[in-house]
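Here are my notes on this two-chain model. Please read them alongside the coordinates.

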Amino acid sequence: MIFIAILIGCILGAIIGINAPMISYTYSSYLAIAIIAALDSVFGGITSVINKNFDLKIFITGFFGNAILSILLTILGQKLNVDIYLAAIVVFVGRMFTNLAIIRRYYVDKWSDKFKKLKQQEDKEEKNKQEKVAESE
Amino acid sequence: MTITIGIACFVLVLVMFMQFKIVNETDITSIENMRETELRTELANWKSRYDDTNAQYEEVQSTIEEYKKTKESNEETEKLVDDELATVNMNLGKTDVEGEGIIVTLRETDNEEISQINADDLLVIVNALKLAGAEAISINDERIINMTDIVNIDANTDNLFVRINGQRILAPYIIKAIGNQSYLESALVGKGGYVDELRTIGHDVTIEKKDKMTILKYDDEITTKYIQ
């Protein structure tokens, strides 16, 4: 269900994004850092859905707050002549990896559980068959 | 919940594609889009290049200055040589010349008993004019130069004519001479003057003083074959 929503969002975004007007190159560095922040928020959201502690308010404030904060930090960094956006990138990408690890583990566990159950069922059925054969004999 | 994440994805991908477009379509090498450090290195590059070019320019400038100097001295020499050439040509008779002088006109009489005016008479007159300081002489617009021949052709027959510079000259003979008018005139007239002699024989000789007249140049090439 959640994957369908992500897929539809991505496709719509791509279509509209391609046809969107150009933005000056000057703002591209701010936009890039905002993209990293938003990506981190989305992964965080997916993780929280998996962990079943998803909070809409936290997700939305995180999504926009992180993006705006990272843009402001980048502007500040340019004013101070310090590359603060590097710190933002390190934090966001690091978090993205942890979130991704959680998601991966969840699905790997899920699939391996399914596999185990299937095997157990097959074993049971085989046992039943053998028992039936024994009885009939 | 899922809708919110979908919308978040939508916004994220929208912004991402906008960014892709910017990065794709922007010419990073153009000056407007360069970062400060890039601009700084570029500026340094250009500055060093400018210095190099400036040095080169100065070098070339000094070379040009040198050439100019040489050219000026060359021009001076050229001018001198030109002046020299002009005077030599004038002296040689290769140019038209102007100045004060006299025009002597010799007309032959129809009287059969009087001998015709011939090259000898002309030679005597020319010599007299030269003695009197004539600077340029011409007979019937044939310029007298150093190699000029004044000779009689068919001297023993009746149809005698005079040849000057290889050209056949017919009467009346108009001798133009540039020089001091009174000197030239006095060389021809007066006691012992050749014009007087011709007059006494019976030829019609007139002398005309001119304040300004032109003597034409020698027309042919002056060729030398044996002078080494």
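1. Interface. Chain A gives 34 residues to the contact and chain B gives 25 residues (contact: C-beta atoms, placed from the backbone, within 7 Å). On the chain A side, helices H1 (2-19), H2 (28-51) and H3 (56-80) supply at least two residues each. That side has 28 nonpolar, 6 polar and no charged residues. Ala, Val, Leu, Ile, Met, Phe, Trp, Tyr, Cys and Pro count as nonpolar, Asp, Glu, Lys and Arg as charged, the others, Gly among them, as polar.

2. Basis. This is a predicted model; local features need pLDDT of at least 70, side-chain atom pairs count only at pLDDT 80 or more, and totals for chains, interfaces and linings use all residues. Residues are numbered from 1 along each chain as its sequence is written, with chains lettered from A and ligands numbered from 1 in the order written. Helices (H or I, at least four residues) and strands (E, at least two) are DSSP runs, numbered from the N terminus.

3. Helix pair in chain A. The axes of H2(A) and H4(A) (84-136) come within 9 Å and cross at roughly 25° (axes are lines fitted to C-alpha atoms, for helices over the stretch in contact; angles run from 0 to 180 degrees between N-to-C directions). The two are therefore roughly parallel (under 35 degrees). Their contact has 17 nonpolar, 3 polar and 2 charged residues.

4. Sheet in chain B. Five strands form an open antiparallel sheet, ordered S3-S2-S7-S1-S8 (pairing needs at least two DSSP bridges). S3 (142-143) and S8 (204-215) are the edge strands. S2 (136-139) and S7 (173-178) pair over 4 bridges. Ile137(B) stands opposite Ala177(B) in S7(B).

How values were computed
Two residues are in contact if their C-beta atoms, placed from the backbone, lie within 7 Å. Angles under 35 degrees count as roughly parallel, over 145 as roughly antiparallel, 65 to 115 as roughly perpendicular and the rest as oblique.
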